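Dear colleague,

Please have it open while you read.

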Amino acid sequence: MSSIMKEPMCLIGSDSEGRLCVQKDAKAILDDIMQPVVVVSVVGLYRTGKSYLMNRLAGQQTGFALGSTIESKTKGIWMWCVPHPVNKGHTLVLLDTEGLGDVEKGDEKHDTWIFCLAVLLSSTLVYNSLGVIDNNAVEKLHYVTELTENIRVKAHRSRHDDDSTEFMRVFPSFIWTVRDFTLILEKSGKPITADEYLESALVLRPGNSPKTEQFNLPRRCLRNFFAERRCFVFPRPANDDDLKRIEELTEAELDERFLQRAEDFCNYVFSSAKPKTVTGGRTLTGTVLGSLTEVYVEAIRSGQVPCLENAVEALAQIQNGRAVEQALGVYLSEVFQWVCFPMDPADLSNIHIQAERKAIEVFISTSFNDIEQEAQLDLMRKIQIEYEGLCGQNQHECLEICRTELKQVFAPLDESLNDASFMKPGGYQDYQATVQRLTQKYRECTKTQQLSEEVLSQYLKEIEPFTQNILQADQCLSEADQKLEVERLRREALQQKQKALEEQHRVQEQMFQNQQETFEQHVSHLLERMEKERERAREDNERVLNAKLKEQQALLEQGFQEKAERMQKEIDNLKGEMKNEGETKRSTLSKVVDTVGMAAGFFLPGFASKALGFGTSLLSRWL
């Protein structure tokens, strides 16, 4: 994070027409967060103490607005971004939502959208209520029964799709916090945990009557949509008079049992709440979360049902162009910090490699759902163009320095050639001695410059006519000597040409090595990210599978044989998906490496013929 939020700010408010809208200042805060985000939202009826819990998670006594009257204090969804206290390199995003059920709003659909947005944006959803978890409390959570009407996972749903599995994969973990709890956690005379208390409240009733269906519907939705469910019960923190000034109370003035439960709750959230992901195990940064919020709110404003699949596609278009731009900016900034022309090509290569590595890291952290690797290939191409430009500029500077140095070193020779000083008997021997002496001096002056031999070759070729004239004019040399000298000059010219070719070859070899390094860096980072996403997707599937197995066991124990059999079909389908994913891992990764290799060949021509071999070598590390 570039800055720490000292206090919360509104993320989603309402415009003059009462429609939901994303606040620009809060969106700008998220745009600056390049780290993965753990998003914890709290929802619940108004005046139930939601905001106090969020302040505790932020490690503060005050922050989110509290109130002691019947008026709802929080409007819309407020955000507080703080460094994660446990997971270094992560940001904890706390979302405090407007209290549900405030009669003054007069718009129940508004509450429904607030609840849906909290579900869609969070990785952990906290539902806060007062008193006990009885039928009245469960019925007040009727918003959960409307999720299938107001949220879609896929843009096009077939009749064979399993809503429960799809929702479980992408929905957050669920925590029910019960405030001012006064009961003893016992059942049939035996102590039970708060989690067992919650599960007992979600037990289904047998039968098919409308009344039974009304009773079972919210319970079935909670059981089928949220794979992980936890419960924390809190005693009353203080007496009525003190509650009016709870922000001012010290911990010594609060009930010890309340403080202990609050600490247990916070520790659980800090250790168990996972980074926010979407379909396929793709982890969100603050930047992507901000864009996702805009996509969902815009869908609601336009009268559409928020769809996760559509949102992911929209995010890819938004994020990937930005990711390429940011990564290229990092590359150029890093390069120009160290480049000073002219310089040794090996030094320029090292600067390029380090800068590209940082650029790729930025791209990997900011890009999103780049399935066809189009954005990454675009970045690879643009960096290669920039690097080739740098190499060309460096060569130009080197050539200019070599030409300037050559002009100064060979100035006496040029002067002698112009006034025909060597056109005399014995002049050829003096001429050759001068050329060799100046050549040695030039090489000493330009030994650190690339293409110095190429400049020298061009010069020697330019003075060849003078050489031939001086040789022929020297009467001290016999015809045989002149023939031998011509042959020697021919050999020297070939040797000089070979030196220039070797020099060019070294430049080309350096470029090839850079292209190899570029390919390896891009593919390695890509495979690493894909492996992380695949692992997170596998964890999500395991979490859903365990939840369904647990639910099936509960259905059997409660006598719902038919429902348990339907659950078995869902379990079998999920197991089949998990098995197929493991079998297709190699083909998917191979396709990705081949795609990158073939595309890279168009702008890394020197590396194209060997890309497949290097790709296969890299791929073997991940299989």
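**Salt bridges within helices**

Glutamate 542 is partly exposed, with 29% relative accessible area, where buried means under 20%, exposed over 50% and partly exposed in between (1.4 Å probe, protein chains only). This is a predicted model, in which local features need pLDDT of at least 70 and side-chain atom pairs count only at pLDDT 80 or more, while totals for chains, interfaces and linings use all residues. Residues are numbered from 1 along each chain as its sequence is written, and side-chain values use heavy atoms, with hydrogens and water left out.

The partner of glutamate 542 is arginine 538, and their closest N and O atoms are 3.7 Å apart in a salt bridge (a side-chain nitrogen of Lys or Arg within 4 Å of a carboxyl oxygen of Asp or Glu). Both residues belong to helix H19 (residues 479-557), where they sit four residues apart, about one turn of the helix; helices (H or I, at least four residues) are DSSP runs, numbered from the N terminus. Arginine 538 is likewise partly exposed, at 37%.

In helix H20 (residues 561-603), arginine 566 and glutamate 562 are also four residues apart, about one turn, and they form a salt bridge with the closest N and O atoms at 3.3 Å. Glutamate 562 counts as exposed at 56% relative accessibility, whereas arginine 566, at 42%, is partly exposed. Elsewhere, salt bridges that share partners join Asp15, Glu17, Arg19 and Arg301 into one network.

Over the whole structure, the search finds 29 salt bridges.

Best regards

How values were computed:
Helix = DSSP H or I, 4+ residues; strand = E, 2+ residues; numbered from the N terminus.
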